[in-house]
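This briefing covers strand pairing, helix packing and a few selected residues. Please read it alongside the sequence and the structure.

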Amino acid sequence: MNYQRFFEEAIDQLHAEKRYRVFANLERIVGRFPRAIWRDGGEQREITVWCSNDYLGMGQHPDVIAAMQNAAGHMGSGAGGTRNISGNNHPLVELEAELADLHGKEAALVFTSGFISNEAAISTIARLLPNCLILSDELNHASMIEGVRRSGAEKKIFRHNDLAHLESLLAAAAPERAKLIVFESVYSMDGDVSPIAAIADLAEKYNAMTYIDEVHAVGMYGPRGGGITDRESQAHRMDIVEGTLAKAFGTLGGYIAGTRAVIDAVRSYAPGFIFTTALPPAIAAAATASIRHLKNSQSERDAQQRQARRAKEVLSAAGLPVMPSETHIVPVLVGDPELCKKASDHLLDRHGIYIQPINYPTVPRGTERLRITPTPFHTDELIDGLKDALLETWQALGIPFAPAVEEERASSERVVPLVVSKSGG
């Protein structure tokens, strides 16, 4: 049997569907973010990154870098094994205390990634609850879907942010049955926000637990950077808050925060925690420094929100199809997987702008897009340059503009009867 053929055919299928992914070879430049070195075919070139999830540029903050270097210098590069084998390195203990405080919870537990924290926590919590029914938003992240699947619990999918549908599913369940509502605060591909307070109301009415994913909101919203639940004073109504250290906090790892009993149960039962090497002390120390800084500094959040707002205004005014977004996510619709990849390549090759294409299965077919994430370091001049580059790319590739602009362009191309004056002029 030719085993390799199966893998080759699987890759060929991705190429045929125009969703084979190519990752750019990039080297970020500390002190010059969002500038980076792009290496391709033996050549290198300086470009501007417009799609980083390092939303506030904390990955290059001097305090964060210094904390990482200091911890590595004192404790080495690795954790030495799982916590079962090597114990808790002290920076990790400090980090979990900082995270519990950030969300106003009794305890927190750190994992090596946000994906693992969702997969391990959701599956473990649901398995420990007798006859648990999981109610999951239809646009939840793949890591949450995997956690639901691995739990083995019965699941019901409610339409995105549809409170009436969620309530109908809750009402249909037996009052005494264990129920877990899993949802996100900020949905990263569309940039919309969930109705957290209303979902908490339903959870209280129908005696359900709540699990909220704040990965695209922690550090970004609220007076201390605790996320949308912090901004809307709803964290105390959430049973479990899940977040990441790899986006606005600029490092690596995922975590959950909740009561001591819930956190200890996940720590004690989740294979994804028990059998995974712990986060290295240098990364834990860097994350703690980042969280402490953002708890006390609003300037990064203010600057980021200003630049995101300006980017939406400038791109929309130019007729580009900016999709509605309540948050820092700026999605620009392409609507075709091949064009989306071509647009990304064109922007990089011709304009030195890197924006990774977002295609199926990350988003539904027909909604392929460029997902732009302005940071405090994307200046007004960079935004204007992005607009010009996108306009040239849209025109060069024949990508549809926003409906109003398309109509205006069509009108200007219609044949107008020629009126000749009597003088023949």
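Predicted model: local features only at pLDDT ≥ 70, side-chain atom pairs only at ≥ 80, totals over all residues.

Which residue in β2 is the bridge partner of E27? The partner is I37.

- Strand β1 covers residues 25-28 and strand β2 covers residues 35-40; the two are antiparallel and share 4 bridges.
- A hairpin is formed by β1 and β2, with 6 residues between them. In its turn, G31 has a positive phi of about 90°.
- On to the next pairing: β2 is also antiparallel to strand β3 (residues 43-49), and 6 bridges join them.
- Within that pairing, D40 has E43 of β3 as its bridge partner.
- β2 and β3 form a hairpin as well, with 2 residues between the strands. The turn contains G41, whose phi is positive at about 60°.

**The open sheet**

- An open sheet is built from 7 strands, and its order is β4-β12-β11-β10-β7-β5-β6. The pairing in this sheet is mixed.
- The edges are β4 (107-111) and β6 (154-158), each of which pairs on one side only.
- From one strand to the next, the twist averages 20°.
- Strands of a sheet pair through backbone hydrogen bonds, in a parallel or an antiparallel sense.
- For β4 and β12 (residues 254-258) the sense is antiparallel, with 5 bridges joining them. One of the residues involved is L109, which has I256 in β12 as its bridge partner.

**Helices on the sheet**

- Helix α4 (residues 90-102) packs on the sheet and touches β4 and β12. The direction of α4 makes about 125° with that of β4.
- Helix α10 (residues 260-269) lies across β4, β10 (209-213), β11 (240-244) and β12. The angle between α10 and β4 is about 25°.

**Residue C51**

- C51 sits in the loop between β3 and α2 (62-75).
- Is C51 buried or exposed? C51 counts as buried because its relative accessibility is 16%, and the cut-off for buried is under 20%.
- Neighbours within four places in sequence aside, C51 is in contact with Y354, I355, Q356, R371 and T373.
- P34 is 17 residues from C51 in sequence, and the C-alpha to C-alpha distance is 9.5 Å.

**Residue G114**

- G114 belongs to helix α5 (residues 114-128).
- The relative accessible area of G114 is 17%, so this residue is buried.
- Not counting residues up to four places away in sequence, G114 touches S143, E242, G253 and G254.
- S316 lies 202 residues from G114 in sequence and 32 Å away in space, C-alpha to C-alpha.

**Surface patch and F6**

- M1, Y3, F6 and F7 make up a nonpolar patch on the surface. Together these residues have about 540 Å² of accessible area.
- F6 is located in helix α1 (residues 3-16).
- F6 counts as partly exposed because its relative accessibility is 39%, which falls between the limits of 20% and 50%.

Technical notes. Residues numbered from 1 in each chain as written. Heavy atoms only, no water. Patch = residues over 30% accessible without salt bridge, like charges linked within 9 Å, V, L, I, M, F, W, Y side chains within 5 Å. Areas by Shrake-Rupley, 256 points an atom, 1.4 Å probe, with all protein chains shown as cover. Salt bridge = Lys/Arg side-chain N within 4 Å of Asp/Glu carboxyl O. Buried < 20%, exposed > 50% of the residue type's maximum accessible area, 1.4 Å probe, protein only. Pairing = 2+ DSSP bridges. Axes fitted to C-alpha atoms, helices over the stretch in contact; angles between N-to-C directions. Contact = heavy atoms within 4.5 Å.
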